[in-house]
There are 2 protein chains.
Amino acid sequence: MPTPRFFADKICPVRAKRERRKEARPGELLAAALDLFVEKGFAATRAEEVAARAGVSKGTLFLYFPSKEELFKAVVVENLGGRFAEWNDEFEAFEGTTADMLRYCMRVWWERVGMTKASGLTKLMMSEGTNFPELAEFYRKEVVRPGHTLLRRILQRGIDRGEFAPVDIDHAIYAVVAPMVFLMLWKHSAMVCVDAETSLDPEKYLATQAETVLYGLTRQPGAAA
Amino acid sequence: MPTPRFFADKICPVRAKRERRKEARPGELLAAALDLFVEKGFAATRAEEVAARAGVSKGTLFLYFPSKEELFKAVVVENLGGRFAEWNDEFEAFEGTTADMLRYCMRVWWERVGMTKASGLTKLMMSEGTNFPELAEFYRKEVVRPGHTLLRRILQRGIDRGEFAPVDIDHAIYAVVAPMVFLMLWKHSAMVCVDAETSLDPEKYLATQAETVLYGLTRQPGAAA
DNA sequence: TACATTACTAACCAGCGAGTCATTAAAATC
DNA sequence: GATTTTAATGACTCGCTGGTTAGTAATGTA
């Protein structure tokens with residue numbers, strides 16, 4: 001049995017509220033966790049800090065999520081993994097040239113992920129994945145693979161319709177993904193010098209990269225890498 | 001005064017060697033530190049592990065480097081910062097078109113940094129820079145700024161000679177740096193799926209990116225971003 | 001062999017952070 | 001109002017790691 005405790009804080013008449021809001025807690029904790037994970041990384045984010053930002057104590061955090069790793073997984077599902085179903089449907093229904101489809105895909109990705117806080121999760125996984133193999137595997141399964149599948153479907157459509165050359169699809173996927181990943185990493189790195197604030201307009205950069213890839217895709221095989 | 005210690009290990013007659021090699025230690029420690037920092041990141045690398053890999057005890061490590069941060073700085077200088085003087089001279093003496101100069105610069109960078117372990121230091125700083133502001137500042141001063149200066153000199157030469165359009169040099173620098181940084185990050189990330197081993201041939205990717213940038217540089221201003 | 005120097009070691013310390021649990025108090029129910 | 005239920009708390013444990021230092025032994029010198 002632990003030693004007895006003091007109640008010195010009883011002398012303070014205006015106690016902080018101790019509200020019971022079972023419904024709202026998980027969402028608030030997930031939001032706080034996203035903020036801090038993106039800001040400081042997984043390892044460097046302390047559970048108590050997440051709890052504090054969500055307005056609860058550390059004990060409460062572990063009441064809703066069994067561990068820090070499970071909390072992170074929940075953040076990933078909420079912000080990335082859980083949204084692929086909807087995106088798949090959206091692209092399934094797309095009508096128009098596949099080139100436009102690819103342009104639309106990259107633009108919409110930028111608007112819904114790249115320019116949001118969620119992009120920090122990708123940077124985080126690329127940074128710390130090796131130190132947390134289970135999280136890395138989870139992320140690959142929930143985010144990387146669905147993303148690749150989506151892109152593969154688009155590229156395959158282009159080839160099937162004769163709009164694209166029959167390139168090596170795996171190569172092409174990486175050619176599309178590379179500039180998007182780069183932007184996420186760049187945005188969240190501390191290496192952006194202050195004297196270069198105006199550099200690297202994301203939309204323009206992405207558009208240029210898209211045209212480069214499409215140029216390669218519409219020519220002879222192997223030119224897309 | 002601390003409590004007295006045991007000497008139970010005296011009973012073991014075959015003690016591990018306790019060699020005195022003052023000259024060799026720093027180099028061995030730096031090599032071990034580079035390995036581990038690149039492999040696990042700065043925060044996740046334990047000082048004792050670095051010492052063990054270098055074949056000494058933790059106490060010896062702190063005999064040669066006053067702190068983990070100073071050890072890291074020494075690694076950065078040894079592998080990146082201390083080599084810019086030589087590189088600057090090399091490019092000062094370059095003869096030929098500036099387009100070739102830029103191609104040569106990117107290729108030589110890949111051979112001497114990108115494909116070596118040293119590239120992991122860049123990934124590390126982009127990952128953990130925000131958590132260690134002093135290291136980030138040091139890295140910017142020792143690596144980022146010299147690198148940008150070198151690139152700026154090349155681009156300026158191209159403009160002065162009328163080979164390049166008078167583009168915004170800061171934009172152009174980032175257009176050149178982006179693919180190199182991306183390759184370093186990609187190479188050291190855990191997000192590379194096993195089913196895509198053959199994808200993204202670095203040399204080919206870099207060459208393609210170089211031509212894209214040069215295409216922009218030789219046209220009207222502003223097209224290089 | 002005796003003594004001095006110093007590279008090296010390992011036990012130690014202090015602080016930190018994930019996860020636990022006995023206790024508290026806000027609701028719900030009677 | 002009395003009683004039960006359970007959301008919430010925060011003091012606690014425990015393991016880990018950067019950094020310290022008293023002590024050890026390899027080497028040099030006589």
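## Exercises: B:S119 and the contact between two chains

In this predicted model, the B:S119 side chain comes to 3.1 Å from the backbone oxygen of B:G114.

**Exercise 1.** Work out where B:S119 sits and whether it counts as buried or exposed.

*Solution.* 
- Start with the element: B:S119 belongs to helix α7 of chain B.
- Next, look up the relative accessibility, which is 0% for B:S119.
- Buried means under 20%.
- B:S119 therefore counts as buried.

**Exercise 2.** Find the residues that B:S119 touches, leaving out those up to four places away in sequence.

*Solution.* 
- Two of them are B:V113 and B:G114.
- B:G114 is also the residue whose backbone oxygen the B:S119 side chain reaches.

**Exercise 3.** Describe how chain B and chain A meet: how much area do they bury, and which kinds of polar pairing turn up?

*Solution.* 
- Count the residues: chain B supplies 40 and chain A supplies 39.
- Now the area: about 3,800 Å² is buried between the two chains, with 64% of it on carbon and sulfur atoms.
- Check for salt bridges between chain B and chain A: the count is zero.
- Polar contacts do turn up, in seven residue pairs across the interface (both at pLDDT 80 or more).

**Exercise 4.** Say which helix of chain B gives the most residues to the side touching chain A, and sort that side by residue type.

*Solution.* 
- Elements giving two or more residues include α1 (25–40), α7 (119–128) and α9 (169–187) of chain B.
- α9(B) gives the most, with eight residues.
- By type, this side of chain B has 19 nonpolar, 13 polar and eight charged residues.

Definitions and conventions. Residues numbered from 1 in each chain as written. Chains lettered and ligands numbered in written order. Predicted model: local features only at pLDDT ≥ 70, side-chain atom pairs only at ≥ 80, totals over all residues. Heavy atoms only, no water. Contact = heavy atoms within 4.5 Å. Buried area = accessible area lost by both parts, 1.4 Å probe. Salt bridge = Lys/Arg side-chain N within 4 Å of Asp/Glu carboxyl O. Polar contact = N/O pair within 3.5 Å; in protein donor to acceptor, adjacent residues only side chain to side chain. Helix = DSSP H or I, 4+ residues; strand = E, 2+ residues; numbered from the N terminus. Nonpolar A, V, L, I, M, F, W, Y, C, P; charged D, E, K, R; others polar. Buried < 20%, exposed > 50% of the residue type's maximum accessible area, 1.4 Å probe, protein only.
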